[in-house]
Amino acid sequence: MAYKPNMQKTKTPVTEQEPAVRARNFKEVCLGYTEAEAMNEATRCLNCSTRPCVSGCPVSVRIPDFLAKIREGDFIGAYAIIRGTNSLPAVSGRVCPQERQCESKCVRGKKDEPVAIGRLERFCADYAMNHPDEAPKTEKPASNGHKVAVIGAGPAGLTCAGDLAKLGYEVTIFEAFHTAGGVLMYGIPEFRLPKAIVQHEIDGLKALGVNIMTNMVIGRVLSIDEIMSDGYEAVFVGSGAGLPRFMGIEGEGLVGVYSANEFLTRTNLMKAYLDEYDTPIKHGKVVAVVGGGNVAMDSARSAMRLGAEKVYIIYRRSMEELPARKEEVHHAIEEGIEFMLLTNPVKVTGSEDGRVTGIKCVKMQLGEPDASGRRSPSVIEGSEFDLDVDTVIMALGTSPNPLIHRTAPDIEADRRGCLIVNEETNRTTKVGVYAGGDAVTGAATVILAMGAGKKAAASIDDYLSGKNAD
Ligand SMILES: Cc1cc2nc3c(=O)[nH]c(=O)nc-3n(C[C@H](O)[C@H](O)[C@H](O)COP(=O)(O)OP(=O)(O)OC[C@H]3O[C@@H](n4cnc5c(N)ncnc54)[C@H](O)[C@@H]3O)c2cc1C
Ligand code: SF4
């Protein structure tokens, strides 16, 4: 019988924790689709012959094909299709900015809401995780005798390691922190991405034979040259962009001012949200978060869950320019975060004993779009005002940590500290050394980091199997 799509205009709703309840706990906000909900949503797909959604996916997941499997009730088959090109579907289904990628190209989105591709991807990954007996078994491939080192266990490094391990390479990941996962573990909070899910993916890599060495800060404990002289024939650098930026305004050294990275690392990795962990972190009562990206939303929503009575997001442009994912902004508003838009801090004020007491801000206005199409904000004269806060979190973006480049000067970086690579192969300026993810692009997205790890793994395989001298 010919397939007849379901023309329901809106996405099948998904169950979420109530805003007032979830704003005080760290459990996952979105509870995911049931089997019936997933099958209903998958029938909203038109099965377009041109497959525009696939072109919107940075790792080209065969979206209409996995949706067809869901419609048939073959959830493991759907999962296998996704896994063919995406090694961390439980992660990307939760955190990818789908509204700017696959879902922005979905034909259903022209008139109605697009198909909820992200929620369906998450559904398949969770189904496979919860039904291990049905899921295909991971088997360690026979070794091809070549050793490759990966620096950094974030999505770029994990993807590169996984792809190489499947080809028989002996892969060791050197990770600076005591836990693998990169931003997935230390940055994105538990309520958006449960750590057990990230750990499940990491365990899958270990089952493929990937060796993960933690507490190994490359550039301090070992240099890249030392790694290479230890028998590793190629190296992939996926060291991310963990160096926080500050505004350079007066008062940023006061007690109670955090970079978002430090605040989120203490919350997530050092488990500040669990009473049994005595993590040193201030549980602010009135918190100002400066910035408008995902990191700012995560910081604000974490501060609320740690017990704040009031949390402000201070952002110098308007709602329209806010770079965070739409869903995160929507959730933050529902949870009671107050957005102070077109506002910019000029000073953090403090008490005599050096603790934050407030933040001085000015109001901003947006001018005409410049050559890049962005409207630049400018200060409205005489608009200065004070806000009483006891904690300030700076979420202004990050740059690559300079350690790798400083300790391996033959790996060139640009003036922002991003490692320079050949776009075709992801090879750096040093033979045998490849790089990808935030270390190359600056702060970007999980799926782009995964895409770069994948591309580099293919290039390393070409290099070591003699297909390509580069
Ligand atoms: C709070 C927050 C929220 C975010 N939310 C989203 C989101 O919703 N959606 C999305 O797509 N993206 C999001 N991002 C961005 C995304 O997480 C990153 O783009 C992605 O993690 C980059 O992957 P990566 O592997 O390049 O680097 P990372 O994830 O940063 O991993 C790098 C790893 O390298 C290790 N390392 C660094 N230096 C060394 C060294 N010298 N030796 C050994 N190891 C080293 C680090 O400890 C880390 O584990 C968010 C980022 C943050 C901070
Ligand atoms: S564009 Fe949308 S409707 Fe068309 S195949 Fe992709 S998911 Fe289905």
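Modeller: The account below goes from the domain assignment to the sheet, the hairpin and the ligand shell.

This is a predicted model, in which local features need pLDDT of at least 70 and side-chain atom pairs count only at pLDDT 80 or more, whereas totals for chains, interfaces and linings use all residues. Residues are numbered from 1 along each chain as its sequence is written, while chains are lettered from A and ligands numbered from 1 in the order in which they are written.

The chain is assigned domain 1 (15-130), domain 2 (147-242 + 399-464) and domain 3 (246-396), with bounds taken from an automatic or database domain assignment. The centres of domain 1 and domain 3, taken over C-alpha atoms, are separated by 31 Å. Nine residues from domain 1 and nine residues from domain 3 take part in the contact (C-beta atoms, placed from the backbone, within 7 Å). On the domain 1 side, five of these residues are nonpolar, one is polar and three are charged; here Ala, Val, Leu, Ile, Met, Phe, Trp, Tyr, Cys and Pro count as nonpolar, Asp, Glu, Lys and Arg as charged, and the others, Gly among them, as polar.

An open sheet of five strands has the order 8-16-9-10-11, with parallel pairing. Strands (E, at least two residues) and helices (H or I, at least four) are DSSP runs numbered from the N terminus, and two strands pair if DSSP finds at least two bridges between them. Neighbouring strands are turned by 20° against each other on average, direction ignored. Strand 9 (286-290) and strand 16 (391-394) pair in the parallel sense over four bridges, and Val290 has Met394 in strand 16 as its bridge partner. Helix 13 (260-268) lies across strand 8 and strand 16, at about 85° to strand 8; axes are lines fitted to C-alpha atoms, for helices over the stretch in contact, and angles run from 0 to 180 degrees between N-to-C directions.

Strand 13 (356-369) and strand 14 (375-379) pair in the antiparallel sense over four bridges. Gln365 stands opposite Ser378 in strand 14. These two strands form a hairpin with five residues between them, and Gly373 in the turn has a positive phi of about 90°.

Finally, domain 2 and domain 3 each give at least three residues to the shell around ligand 1, where a residue is near if its C-beta atom, placed from the backbone, lies within 6 Å. That shell holds 24 nonpolar, 14 polar and four charged residues.

Key. Contact = placed C-beta atoms within 7 Å.
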